[in-house]
Amino acid sequence: MSREPIQPDGLIDAPSIGYSHAVVEDGTFYMSGQVGWDEEFELAGDDVQSQARKAFENVETLLAEVDKSLADVTKVTAHIVDLHENREDFFEVCQEVYAEPPYPCLTLLGPDQLAQPGMLVELEVEVPVET
């Protein structure tokens with residue numbers, strides 16, 4: 001069994017607060033949820049679209065570490081605060097990121113809140129990797 005933690009530059013220092021951004025183990029890519037903030041813990045904005053764009057950018061940073069891109073993603077799970085109010089804004093960003101088929105599977109969840117005040121979007125993706 002081989003476990004490879006993924007801690008790329010450009011994202012927050014996850015190990016300093018006790019977790020890994022992602023881990024690859026036995027050909028499976030596991031990732032922590034990515035939100036719309038930069039490596040200085042600053043949110044990209046106070047709206048769903050700016051946070052979703054930054055969250056997808058952060059996911060892309062992780063995927064590059066395993067030679068993958070957003071085009072390789074097979075499933076997206078999105079946690080969106082006030083889902084019914086913010087769903088259309090999130091879909092607009094999804095249509096920018098995934099403009100053409102094949103589209104990944106998508107699950108939308110509407111929690112009351114995320115880990116920090118002001119966070120509106122958190123993404124997790126699944127992607128096949130080679131070992």
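Contact here means heavy atoms within 4.5 Å. The model you are looking at is predicted, so local features need pLDDT of at least 70 and side-chain atom pairs count only at pLDDT 80 or more, while totals for chains, interfaces and linings use all residues. Residues are numbered from 1 along each chain as its sequence is written, and side-chain values use heavy atoms, leaving out hydrogens and water.

**Overall build**
- The chain holds two helices and seven strands, where helices (H or I, at least four residues) and strands (E, at least two) are DSSP runs numbered from the N terminus.
- Read from the N terminus, the order is β-β-β-β-α-β-α-β-β.
- The C-alpha trace spans about 45 × 35 × 20 Å along its principal axes.
- Of the contacts between residues at least 6 apart in sequence, 67% link residues at least 24 apart.

**Burial around helix 2**
- In the chain of 131 residues, 40% count as buried, meaning under 20% relative accessible area with a 1.4 Å probe, protein chains only.
- Helix 2 covers residues 83-97 and has a kink of about 30° centred on Asp89; the bend at a residue is the angle between axes fitted to the seven residues ending there and the seven starting there.
- Which residues of helix 2 are buried? They are Leu83, Asn86, Phe90, Val93 and Cys94.
- An α-helix has 3.6 residues a turn, so residues three or four places apart point the same way.
- The cover over the buried residues of helix 2 includes helix 1 (48-64), strand 5 (75-80), strand 6 (105-109) and strand 7 (121-126).

Notes
Buried < 20%, exposed > 50% of the residue type's maximum accessible area, 1.4 Å probe, protein only.
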